[in-house]
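Dear colleague,

Please find below the structure I am handing over to you. My notes on what was found in it follow directly after.

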Amino acid sequence: MWGAVAKCIRSEWSEEGVKDAEKFIESVWQLLSDERHVDRNAMGKESDPKMRAEIVGVLLWIRGLRSTRLGDSKDPDAKVKRAAEMVLATWKTADKTIGEEKDWYDANYKLMMWTPVWHGMTMARKIVGENSALGRDLANTITLDLEPMLKKAQQIVSQHAGEDGTRRGLVVYDALSKMTE
């Protein structure tokens, strides 16, 4: 799913880039729902990719991005709402820990995986209503879990990754952070 996020960033959030990313992410989501592509014994269990918050979070992110960039921040088919509910439902089992201070590879990976989830939750709060029960649950998750983890990861990568290193997580964090300002 990282490729879809990168495509949007490279396209500078163009309509075509957002639509292409949405098409890709929705296609992957459909594949994850097809028994021919997923272990039947894993479906609905913790090992099911659709039960991982960082996977569901990218779905939330693209649906939120589509709504805010191309749809006047409306959610007429409740796709954003459903994706936000799925992220929160899978939240307990998510690995939100950051490794050792000098393990910038882990921190970079966490930035790359979790920044779209944070951005998706941020957009979803505005779309579903910040004062709704779902909006408040998203705000608590963002404030208590995601933002502290992302800030710590961002600091580690900034301090320990060489300028010539692969800093994809930092690129994603910087690009999506600018969109929420």
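A network of salt bridges links Asp 95, Asp 106 and Lys 110; a salt bridge here is a side-chain nitrogen of Lys or Arg within 4 Å of a carboxyl oxygen of Asp or Glu. The model is a predicted one, in which local features need pLDDT of at least 70 and side-chain atom pairs count only at pLDDT 80 or more, while totals for chains, interfaces and linings use all residues. Residues are numbered from 1 along each chain as its sequence is written, and side-chain values use heavy atoms, with hydrogens and water left out.

Lys 110 counts as buried, at 5% relative accessibility (buried means under 20% relative accessible area, exposed over 50%, partly exposed in between, with a 1.4 Å probe and protein chains only).

The structure holds eight salt bridges. Another of them joins Glu 26 and Arg 63, with the closest N and O atoms 2.9 Å apart. This pair links distant parts of the chain, since Glu 26 is in helix H2 and Arg 63 in helix H3, 37 residues apart. Both Glu 26 and Arg 63 are buried. Arg 52 and Glu 54 also meet in a salt bridge, at 2.6 Å from N to O; Arg 52 is partly exposed at 34% relative accessibility, whereas Glu 54 is buried at 13%.

Turning to the nonpolar core (buried Ala, Val, Leu, Ile, Met, Phe, Trp, Tyr and Cys residues joined through side-chain atoms within 4.5 Å), the largest one has 54 residues, and Trp 61, Trp 114, Met 121 and Leu 146 have the most contacts inside it. H5 gives the most to this core, with 12 residues. Leaving aside neighbours within four places in sequence, Met 121 is in contact (heavy atoms within 4.5 Å) with Leu 60, Val 87, Leu 88, Trp 91, Leu 138, Thr 141, Ile 142 and Leu 146.

Finally, I list the lining of the largest pocket by class: three nonpolar residues, two polar and seven charged (Ala, Val, Leu, Ile, Met, Phe, Trp, Tyr, Cys and Pro count as nonpolar, Asp, Glu, Lys and Arg as charged, and the others, Gly among them, as polar).

Kind regards

Notes. Helix = DSSP H or I, 4+ residues; strand = E, 2+ residues; numbered from the N terminus.
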